[in-house]
Amino acid sequence: KTKRCIGLFVVVVVIWCSLECMGQRIGPYPFVSGKKLESVFVVANHGVGNDVEVLLQSVQGQIAKSGNMPFNIYRVPSDLQTQRLSQQYGDEINAEVKNKGYLIWLYDLSKQFGITINSTHQNDPLSTVKFIIQQNPSLFKFFIYSDSTSANVAVSLCGIHPHTLVASSPQIRTFLLSLNLTQSNSVIGRSLDWFWSTYSKFFQNNSILILQDPTKIDFLVDYSIFSSSIYYWAATFPNPTTNQIFSSSHRSADTALLGWGQSEYPLVSYSSSYSVFVNAADWAMDLSILTNIPVSITPPPHHLSNSIEKNNNNNNNNNNIEPQANVHTVTFLMTDGDNVQWLLSGFANNTRWYSSPFRGTVPLGWTMSPALSELAPSVMNWIYRHASSSDYFVAAPSGVGYVYPDRFNSSQLNNFGSKTAQYMKQAGGLEILNVIGSDYDLEYLEPLLNNSQVSSVFYYDFKNYAAPNGEIKWSERTNKPVIGARYSLWDVFNTPQTLAAK
């Protein structure tokens, strides 16, 4: 997901917004929630290995699942993780992680929600684990032994076995034995096929799937255990086991896939065919903590002012907007707000993005995943709270999650549209929906428009976002517009200089 270029897209539109938002969690599917914490133990994992990272996350997940402890672990990106990302993706991603966006959310938890920050053992993660286990030994009784190639199997089993942690190396096994935990199982050498044939009955009708490359085992383990989800990897689609896993999920457009695949289009196309939406979160940390912060989403300033104006216009029966002669209305819209891990890491305080000193000097649209209102509501509130009157927010592709409507199970597209509208309302009253697809046909878009929360759609074609060339289609069924992107401010297609010359 992080490989997808981030750019601006230009469309012609008149925008408005609603004041309405929701303070209650939507639930019960697909996203789960638990109890708010009183304090967190910060761990900055400088130089620790994947085995320690997996252990820390399994502790996080089991605490969040049980709800029996007032504290948990909060991880912050380490220099080693920064190095891994830099080696794989280059300096841009390296810079994002160095910004340590997770520190913003940590201090926000303290300032806004009164959560105490304990940094006593921040550079000694195993001491933190030892202290937590000794505080509540009844919560941690067992561990599953694995190696690096079978750790995903162990993680999935921990999701359905309470009181159980993951020991993915001999060193961690020895450490947990010293704390009087019992080895309940060994999955060394076990494959996904073995796991599914043995334990599939425990994952029928799952509402969350975690698809994660084994090289990213440092991420999403906590949320997988917390949500009792299968944590697995498939490099290609389709294949027999993956077909069975997707077939076992909820079929009413309420299943989320968190993580990312080897390639964007095959993953999203395949998931869409099973009515599963994708939340790109392969580098996400601490979701089992952030998802359990109860907060009502407050709309940002621009949405509030527009809502007041809209309500006044409704009261005066003056809803018609007269177009101005010889005037083009243009909006710049930032892509990739569906990328949850980016919103959590480098987006907020990278000076290339939301922390730019120039933000607020011109009107700008930001795509924002409605799912963030469940996965990290305090983060969404922070972003809105720091918005200027020139910042406008649009629901990111293609609603509550990334799908291609033309590939989506047609019998469930109306359900997906209804669920998207619910999450847009909860996410600060978002009214404009950004959609990515491969067929610019109202047949696939009207089910998304056919909800009072959705005022209009911004449409991009996957292969070339600006392929619609600014074409506006009007849905007679819903009396709402679908606006195709006109230009891509993206080096492959345009530079600022070439766009300004148009």
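This note comments on one helix and on the salt bridges of a predicted model.

1. Basis. Local features rest on pLDDT of at least 70 and side-chain atom pairs on pLDDT 80 or more, while totals for chains, interfaces and linings use all residues of this predicted model. Residues are numbered from 1 along each chain as its sequence is written, and side-chain values use heavy atoms, with hydrogens and water left out.

2. Helix H18. Of the 8 residues in helix H18 (residues 442-449), 6 are buried (under 20% relative accessible area; exposed is over 50%, partly exposed in between; 1.4 Å probe, protein chains only). Helices (H or I, at least four residues) and strands (E, at least two) are DSSP runs, numbered from the N terminus. Among the buried residues are Leu-442, Glu-446 and Pro-447. Their cover includes helix H17 (413-426) and strand E15 (432-437).

3. Salt bridges. The model has 6 salt bridges, each a side-chain nitrogen of Lys or Arg within 4 Å of a carboxyl oxygen of Asp or Glu.

4. Arg-385 and Asp-108. The closest N and O atoms of this salt bridge are 2.7 Å apart. The pair links helix H16 (residues 377-385) to helix H4 (residues 101-113), with the partners 277 residues apart. Arg-385 is partly exposed, at 39% relative accessibility, whereas Asp-108 is buried at 6%.

5. Arg-359 and Asp-391. These side chains form a salt bridge of 2.5 Å, N to O. Arg-359 lies in the loop between helix H14 (340-344) and strand E13 (364-368) and Asp-391 in strand E14 (residues 391-395), so the pair ties together parts 32 residues apart in sequence. Asp-391 is buried, with a relative accessible area of 0%.

Key:
Contact = heavy atoms within 4.5 Å.
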